[in-house]
Amino acid sequence: MTSVDSCKLASKAARELTGLFCIHKPSGITTGRLKYKILHKLSHELSTKFKPQVPRQYFQIVPQPQLSSVSEHLRVKTIENTVTENLQDVENTRIPLAEVTPNSSDLVMHTDYNVIVRPNFADLPIVSGDPVLPEDFKFGFLKYLGFNTSGLLLAGINLTGRAMNVLKTMKWGRTYQVHGEFGIATDTCWSPDVQPSPFQNGVGRVLERSTYGHLTAKRLEGLLVSVQANYMKAMLMNEKIDLESEAAYELAVSGLLFPGENLSDLSDPRYEKDSQSFGITDIRLVNFKSPHFVLELQCVGDKEEWISELIHDIGLRMKTNAVCRKIICIKHGPFTNQMGLLQKHWTHAHILNAIEDANEVLLSTI
Amino acid sequence: MKSSMVGLSKVLQRKLSSPSYSAVRYNCQRSGLNPNETQLEESKKEVDVSESGEVYKNILKTAQEMYGVKKNPFDQRFDVEFEPASPRIPASYNLAGYVNKSPLLQEFVRLGIDMSKWDEDRELVESILKKDFFSDIQPYIRLLTDYGLEPEKLGWFFTKNPRIFLESLDDIQVRFNYLESKRFSPSMIARIISHNPLWLSFKTQEIDEHLGYLQKNFKLTGNEVREIATRCPRLVTKNLWKLEMIKFSIWEEMGFTKEETKSLLLKDPRVFLIPSQTMVERFNYFHNIMKIPHQTVLEYPALFRTRLLRLRPRHEFLEVNNRHQYDKTRPDFVPIDQMIKRDDSFFAVEIAGSSIDVYNEFLKTI
C-alpha cells in the first residue's frame with residue numbers, strides 16, 4: 001500500500017463515519033472537553049491504522065556536465081543497480097542513457113543526464129505528519145449537558161448543518177433522574193460532596209441546616225403535582241386554548257406541549273426562566289428514604305442550573321432545605337440510556353455500531 | 001490533509017503542458033514562509049531550457065519503459081523532478097516540501113526524528129534548516145552518546161528538545177561538568193538524559209536552585225537528592241512556584257506532617273508532578289467519602305495519580321456489592337493497588353465478584 005492509497009483510505013474512513021450516535025457523558029467534564037477527547041482518540045486510531053508502508057518513488061534527473069571533443073558514438077549501458085526500498089540503503093542508482101550527439105566536429109558541451117531513483121521522503125508520517133487530524137471531522141451536539149450532569153448525549157459526526165437543524169426542530173424532551181438530599185442548603189444548589197464546576201459562582205459551602213423529620217412521601221407528591229400543574233398551565237396559555245375544553249385535556253395527556261419562545265425585550269439571563277422557555281411535562285417521586293429522595297423529571301428546554309434551582313425551591317416549600325446529588329439524563333426523545341457509549345468504547349468500530357443502532361430507532365419513529 | 005498530495009487546477013495543467021515544462025511536477029503548497037530566506041543552493045542553477053525539453057522527453061520514455069510505469073505525466077504514483085529546469089522551491093507550511101532536497105533532513109529521517117512536531121515553531125525551523133549535518137549537528141550527537149544516551153533514543157530526544165541545536169557545545173559541557181562535580185555517577189547521568197531531554201536546556205544556576213529547594217524544604221541528604229533526580233528527573237525541571245503550591249496543599253489542606261511528605265516523596269516522586277487543584281479534589285474524595293486514613297494513603301501513593309473518573313465508579317460498584325472494605329486488619333479487605341491498576345475485566349470478576357456486563361450496565365446509571 002503506497003502513501004497515496006493510505007491517505008485515500010484514511011480520508012474515506014473519516015468520511016464514512018456519518019450519523020447520529022449516543023454518548024454516555026460522565027460527570028465532572030464539560031461537553032467541549034468531551035468533543036476534544038473523542039476526536040483526538042479517533043484521529044490517532046485512524047492514522048495508526050492507515051500508516052503508509054511503502055513510500056512513493058522519486059525520480060531525479062541530474063546533469064553531469066563534461067567537456068568533450070567530437071564524439072560520434074552512442075553510449076548505451078544497461079541497468080547496474082536495482083531500485084531499493086529500504087531507507088538504510090539509499091544509494092543513488094545511476095542509469096546512464098542514450099546520448100544524442102550532433103554531427104559537426106566542433107567543440108560541444110555535452111551533458112550526461114542521469115536518473116536517480118530513490119524513495120520519496122515526503123511520504124513518511126515522520127515528516128508530513130498524521131494523515132487524519134481531529135479538524136477533519138465535523139462534530140456537533142444536539143443539546144448540551146452541564147458540568148455535573150451525566151447521561152445521554154446525542155452527537156452527530158460529519159452531519160451537515162441542515163441535517164442537524166432538522167433534528168433540532170423535532171424538539172425532543174429529556175427525562176432526568178434527580179437524586180437529592182433534604183436538610184442542607186449550599187452556595188450552589190449542589191451537595192458539598194460534589195465537585196464544584198469552574199463556571200459556577202460557588203464552592204459548595206454549607207449555608208443552612210434544617211430538620212426533615214416532618215416529611216412524608218404523600219406531601220411531596222402533592223407538591224410535585226402542583227408544580228407540574230403550574231408549568232402545564234403556562235404552556236397551555238401559549239396555545240391560546242380554553243383551559244376547560246377537551247382539546248386542552250388531550251394535548252396535556254399526549255405530551256406534545258412545548259413552552260413558548262422567549263419574546264421578552266429584556267435579554268437578561270435572569271428573566272429567561274420567567275419567559276417560559278423551560279417547561280415541565282411530568283414529575284414523579286420514585287424513591288424516598290428519609291433525607292434522600294429520587295425524582296423523575298420530564299422537561300423541554302432545560303438547563304442544569306434550573307433543575308438544581310427547582311430542587312432548592314422544593315425544599316423551601318416543604319419548609320426544609322434541599323440539595324442535588326446527582327442528575328442523570330435517562331432519555332432524549334426515543335433514545336435511552338442503555339444505548340450510550342462508555343468512555344472506553346469511544347473507538348472507530350464501536351461508533352459505527354452505535355450509528356447503526358441509532359438509525360434503527362430513528363426509522364421506527366418516522 | 002497534511003500530506004504532500006495536491007490536486008492541480010486547470011490553469012496549471014495548461015501551463016505545465018507547454019514544451020518547457022512538459023514533465024515537471026509542480027507541488028503547489030500554501031505559502032507560509034518567505035521563499036528567499038529558505039532557498040537552497042541547488043535551485044540557483046540556471047540552464048537553457050529550450051534544448052532540454054526534447055532530451056527530457058527521451059529520458060522519460062526510457063524510464064517508463066524500464067519500470068513499466070503509466071505514461072500519464074500527472075500520475076500520482078511517482079514524483080519526477082528535472083533539476084536543470086526545476087522551479088525554485090516554493091514556500092511550504094511543512095518540512096515535507098524540503099526533505100527531498102536537503103541532506104540534513106534526510107539524515108534526520110534516518111535517525112528517526114519526528115519533524116512534524118516542529119512545524120508550529122517557525123523560528124526553530126528556519127534556524128535549523130541552515131545547518132550542516134557533519135559540522136554542526138554531529139558533535140552534539142557525539143557528546144550525548146559519550147555520556148550514555150543510547151543511539152536508538154536519539155530520535156526521541158531530538159523530537160522533544162530540538163532547541164538543543166541552538167545552544168553552544170560549551171554550555172552543554174558545563175552542565176555535564178556540574179553534574180559530575182555533584183557526584184552523579186555516569187549511569188545516573190545517562191538515565192537523566194534519556195528520561196528528561198529538557199534538562200540540558202536549563203542553565204546550571206537554575207538546576208542548582210531547584211536541587212537546593214528540594215534539599216532544604218524536604219530535608220533530604222545528598223544521596224536522597226541524587227536518587228530522586230534519577231528516578232524522576234522531570235521533578236527537577238518543574239516550576240518552583242507550582243512545587244510550592246503542591247507542598248502547601250499537602251501540609252495545610254490535607255494535614256500531612258513534614259516527615260510524612262518526605263516519605264511520600266521518596267516513595268513516589270511522581271505525585272509532585274500533579275497540579276495542586278486536582279490533588280486536593282482527589283484527596284477530598286478518597287479521604288472523606290471512601291474513608292481512607294492518612295497512613296494507607298502513604299502506603300499507596302498511586303491513589304493520587306488515579307483519575308476520579310476511574311476511582312469513583314469502582315468504589316460505588318463495590319458499595320453496591322458490600323465489598324468496600326479498605327482496612328487491612330479486617331477480613332475481606334480490598335487491596336487498593338489492584339483495585340486501581342488493573343483492567344475493568346479483572347476488577348469486575350476478581351475484586352467485585354460479578355461480571356463485566358453487570359459493571360457496564362452499572363456505569364451507565366452513574
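Student: Which helices of chain B do the buried residues of α10(B) pack against?

Tutor: They pack against α8 (186–195), α9, α11 (233–236) and α13 (258–267) of chain B, where contact means heavy atoms within 4.5 Å. This is a predicted model, in which local features need pLDDT of at least 70 and side-chain atom pairs count only at pLDDT 80 or more, while totals for chains, interfaces and linings use all residues. Residues are numbered from 1 along each chain as its sequence is written, chains are lettered from A and ligands numbered from 1 in the order in which they are written, and side-chain values use heavy atoms, with hydrogens and water left out.

Student: Which residues of α10(B) are buried, and what makes a residue buried?

Tutor: In α10(B), residues 222–231, they are Glu224(B), Val225(B), Arg226(B), Ile228(B), Ala229(B) and Thr230(B). Buried means under 20% relative accessible area, exposed over 50% and partly exposed in between (1.4 Å probe, protein chains only). Of the 366 residues of chain B, 45% count as buried.

Student: How many helices and strands are there in chain B?

Tutor: Chain B has 19 helices and one strand; both are DSSP runs numbered from the N terminus, helices being H or I of at least four residues and strands E of at least two.

Student: Why are α9(B) and α12(B) called roughly parallel?

Tutor: The axes of α9(B) (204–218) and α12(B) (240–253) come within 12 Å and cross at roughly 15°. Axes are lines fitted to C-alpha atoms, for helices over the stretch in contact, and angles run from 0 to 180 degrees between N-to-C directions. Angles under 35 degrees count as roughly parallel, over 145 as roughly antiparallel, 65 to 115 as roughly perpendicular and the rest as oblique. The pair is therefore roughly parallel.

Student: What about α3(B) and α5(B)?

Tutor: Axes of α3(B) (103–111) and α5(B) (133–146) come within 11 Å and cross at roughly 25°, so these helices are roughly parallel too. Leu104(B), Glu107(B), Phe108(B) and Leu111(B) of α3(B) meet Phe133(B), Ile137(B) and Ile141(B) of α5(B).

Student: How do you know that Cys189(A) is in no disulfide?

Tutor: A disulfide is a pair of cysteine sulfur atoms within 2.5 Å, and the count over all chains is zero. For Cys189(A), the nearest cysteine sulfur, that of Cys324(A), is 7.2 Å away.

Student: Why do Cys189(A) and Cys324(A) count as buried?

Tutor: Cys189(A) has 16% relative accessibility, so it counts as buried. Cys324(A) has 0%, so Cys324(A) counts as buried.
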